[in-house]
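The sequence and structure are shown first.

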Amino acid sequence: MMQAEREVTEHEKVGARAVATPALPLDDAGTLPVAWRDTRRLSDVAAARPAPGIATRLGRAFQSAASVETDRGLAFLFLPVAMGAGAGLYYMAPTDPPLLLLAAGLMAALLAGVFTRLRHIGVARTAGFAAALISGSLAAAFEAHNGVILLDSDVTTSVTGLVEAREFDPDGRVRYLIRLKNTADPQIRRPPDRVRLSARRPHQPAPVGSQISGRARLTAPSGPVMPGGYDFAFRSFADGIGAQGYFYRAPAYNVEPQDGRGLVQVWKDGLRTAREDIAARIRLVLPGDPGGIAAALTVSDRRGISRETVDVLRATGLAHILAISGLHMALAAGILYIGVRKALAVFPALVEALPVKKIAAIGALMTATAYLMISGGSVSTQRAWVMLTVMLVAVLADRPALTMRNVALAAIVIILISPSAVVGPGFQMSFAATAALISAYAAIARRPRNTAAREVAQARRPGLRSLPGLVAKAMLGLAITSLVAGLATGLFSAHHFHRVAGNGLLANLLAMPLVTFIVMPAGLLAMLVMPFGLEAWPLKLMGQGLEAVIAAANFVNDLGGDVSVGQIPVEATLIAGTGFVLLVFLTSWLRLFGLALICLGLTLVMPPFRQAEPDLLVSEDGRLVGLKTGGSLASNAARPSAFIFRQWQTALRGMPHLPPLPAETVKKSTSDEPAPDILDRLLASAVREPSRFHCAGRGLCAAVHKQLAIIAIDKADLIGAACDRADLVIVAVPVYLGSCRSGATLITSRTLRRSGALAIILEEPPRSFLSQSGPNPDPETRQNIQIRAALQGITRPWTIQRYYDWRTDTFDLPN
């Protein structure tokens with residue numbers, strides 16, 4: 001019975017399989033075809049194969065996304081990145097890389113790319129990026145080779161030269177840009193080519209092109225005020241200005257025509273004179289800060305703006321309106337472009353017969369070129385002109401104007417023309433904002449849209465097409481633009497200026513409509529009618545708009561929000577900057593890698609990961625010393641140099657100033673008092689109130705911090721006594737003594753001349769000088785001072801003057 005049931009069950013199973021299985025394609029012999037059997041075998045193998053792992057699937061997804069990015073021409077976008085990296089690496093090198101080695105590397109990379117472009121595309125692309133990187137370095141090398149001579153040390157001499165440009169401040173004082181012809185009493189053996197000198201005494205200003213002479217104080221360009229800070233000497237080198245200073249008395253000048261001026265120089269002088277006339281006519285109609293900002297927007301003359309207004313604009317993120325950037329040039333050219341198209345559209349016959357769009361583009365290009373010449377042609381203006389020219393040429397060629405490829409092409413041109421701009425904040429912030437805006441609006445345009453539903457909604461809500469709807473749409477676009485541009489430039493702004501405008505979005509929402517719809521159109525109209533003497537009423541309208549902008553900036557500034565972030569490490573900026581490039585260039589999910597790098601860079605800024613802040617800052621001449629103590633920054637000067645101390649405060653997140661102990665508390669020294677007694681008295685006072693400078697007259701100060709004694713003096717005869725009593729001695733005079741016999745750390749203005757400004761970290765010793773009796777403490781307790789120098793070992797064309805000895809007319813270079 002059980003056997004029968006088992007046979008029935010097996011019979012039912014076979015029947016069920018027969019019903020579920022399709023008929024087999026048997027041939028006449030009753031066998032399966034070979035192709036069908038092979039297919040079944042392959043399918044069985046595929047079914048038996050295990051599913052791919054996570055790593056395999058990620059690899060395939062990465063290859064697929066990379067293929068998509070490559071097909072859309074991503075390699076071209078990274079060419080300016082590689083060129084900019086090459087220029088940056090050249091400027092960051094401690095010594096000049098060999099020019100022949102760079103040329104040989106470029107040739108090798110080009111040859112490798114040519115011979116592998118057909119068979120090994122990956123190798124060819126790698127060689128292409130290497131060639132781009134080396135070409136950026138070569139462009140920087142040529143620019144540095146043709147650079148100017150920087151003054152080696154401060155000097156008082158008689159100068160004679162030709163006036164190339166003039167600038168007027170609100171008080172009527174003149175600042176001249178002079179091409180030196182000769183110096184006398186004493187004669188400078190290594191004179192700079194051009195200097196910028198201010199004339200403080202009232203006088204009739206010397207016209208452009210005249211010969212000027214007078215007794216002047218020339219100051220050498222200063223380096224970074226602290227390690228990692230902005231190098232002003234490098235900026236002077238890139239701008240072609242070898243020294244700055246002032247005339248002691250009103251200079252004399254000769255207005256007779258000078259020999260040796262070619263047509264180009266005559267044209268430049270005439271253009272500079274026209275710029276001055278434009279600025280003067282603007283200030284005649286618009287006095288005060290509105291006139292200063294108007295002059296800055298038209299001829300790039302910022303001398304008429306008060307420091308208070310500049311600080312407020314910077315704190316609210318509106319400082320970009322003071323520079324002739326891509327926005328202003330685009331507004332000026334764009335207004336004319338739209339105006340020409342609308343004007344010609346009135347005549348249908350012209351629209352049908354002529355390419356109106358291209359004619360308007362030509363007019364806009366001519367306007368941008370005139371704006372470039374009138375404004376003085378600064379680096380930021382050149383950058384804006386190149387970007388706008390590329391876009392207008394694209395319009396003439398019937399190509400999309402605002403694309404990432406056009407931005408990349410503009411960056412390539414600027415890097416080749418002015419590679420030093422790569423390491424400056426203007427280049428970085430301008431291109432970051434432009435690339436981010438293009439990427440953001442491209443992402444918005446790629447969103448899936450239901451066109452039919454949108455048309456039905458608009459038909460039901462016709463108010464969206466009315467004026468309020470258009471205003472709301474414009475405000476939304478302005479908000480998106482301000483937010484994206486603010487986020488894109490915030491990284492570089494924080495690195496260079498150590499601050500972030502927390503309410504920058506609100507300030508831009510309030511101010512930029514005024515700039516876009518009132519200030520720039522009125523300014524363009526004023527420039528067009530100025531040759532006819534009709535500029536008064538457009539300038540008054542422009543001034544009202546600028547007054548509203550200043551009022552908006554003051555309102556936002558009263559709300560607070562200006563965040564001081566302190567000095568940002570270079571490593572964090574480079575990592576976050578790389579992530580930013582990936583985020584805006586890529587369109588696939590690979591952009592998440594860019595977001596991860598940005599997060600990593602921001603993490604390195606956090607206190608647990610960032611470099612320890614210095615306890616002591618020393619200026620490059622040794623006259624100013626800052627001591628970070630708690631929430632204050634103490635100094636050895638009651639009124640420290642604002643130029644240096646402000647930058648110290650910003651780099652240390654806005655610490656307030658703690659002046660030295662007043663002279664009434666510390667008895668002034670007398671001429672007959674022994675030097676050891678003066679120092680002992682200062683140190684005793686410093687022990688009672690540590691972490692603050694105690695001074696007995698200017699140039700004689702002492703402080704105690706972390707159980708270490710610090711003495712700052714400007715008298716060479718006190719060096720021995722100071723070395724016996726302190727752990728750190730700072731001498732603001734050039735002496736040949738290199739170290740203290742007692743083991744104390746000695747810093748002199750002679751050593752600072754080569755090293756630049758210092759940042760010092762003090763570590764509390766296990767046994768300090770305070771626990772020892774008498775002078776000459778144990779030298780082993782004095783090895784707790786870590787020093788970082790701004791320019792130690794850097795011998796470049798903008799630092800070589802630090803090693804020059806004018807007595808012997810030689811360079812004492814380090815080994």
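Which residues are linked with Glu164 in a network of salt bridges? The network consists of Glu164, Arg179 and Arg194, where a salt bridge is a side-chain nitrogen of Lys or Arg within 4 Å of a carboxyl oxygen of Asp or Glu.

## Basis of the model

The model is predicted: local features need pLDDT of at least 70, side-chain atom pairs count only at pLDDT 80 or more, and totals for chains, interfaces and linings use all residues. Residues are numbered from 1 along each chain as its sequence is written, and side-chain values use heavy atoms, with hydrogens and water left out.

## Overall composition

The protein has 26 helices and 21 strands, taken as DSSP runs (helices H or I, at least four residues; strands E, at least two) numbered from the N terminus. Of its 815 residues, 43% count as buried; buried means under 20% relative accessible area, exposed over 50%, and partly exposed in between (1.4 Å probe, protein chains only).

## Salt bridges

The count of salt bridges is 18. In the bridge between Glu164 and Arg194, the closest N and O atoms are 2.9 Å apart. Glu164 belongs to strand β1 (residues 155-168) and Arg194 to strand β3 (residues 194-199), so this pair ties together parts 30 residues apart in sequence. Both residues, Glu164 and Arg194, are buried.

Asp185 and Arg215 also form a salt bridge, at 3.6 Å from N to O. Asp185 is in the loop between β2 (174-184) and β3, while Arg215 is in strand β4 (residues 211-219). Asp185 is exposed at 58% relative accessible area, whereas Arg215 is partly exposed at 25%.

## Helix packing

Helix α8 (residues 263-285) packs against helix α13 (residues 356-375) at an angle of about 85°, with the axes 8 Å apart. The two helices are therefore roughly perpendicular, a class that covers angles of 65 to 115 degrees. Trp267, Leu271, Arg275 and Ile278 of α8 make the contact with Met373, Ile374 and Ser375 of α13, contact meaning heavy atoms within 4.5 Å.

## Nonpolar surface patch

Phe62, Trp589, Leu592, Phe593 and Leu595 make a nonpolar surface patch of about 510 Å². Such patches are made of residues with over 30% relative accessible area and no salt bridge, nonpolar side chains being joined within 5 Å. Helix α22 (residues 591-605) contributes the largest share, 3 residues. Leu592 is located in this helix, α22, and is exposed, with a relative accessible area of 54%.

How values were computed
Patches are made of residues with over 30% relative accessible area and no salt bridge: like charges are joined within 9 Å, nonpolar side chains (Val, Leu, Ile, Met, Phe, Trp, Tyr) within 5 Å. Accessible areas come from the Shrake-Rupley method with a 1.4 Å probe; for residues, only the protein chains shown count as cover. Axes are lines fitted to C-alpha atoms, for helices over the stretch in contact, and angles run from 0 to 180 degrees between N-to-C directions. Angles under 35 degrees count as roughly parallel, over 145 as roughly antiparallel, 65 to 115 as roughly perpendicular and the rest as oblique.
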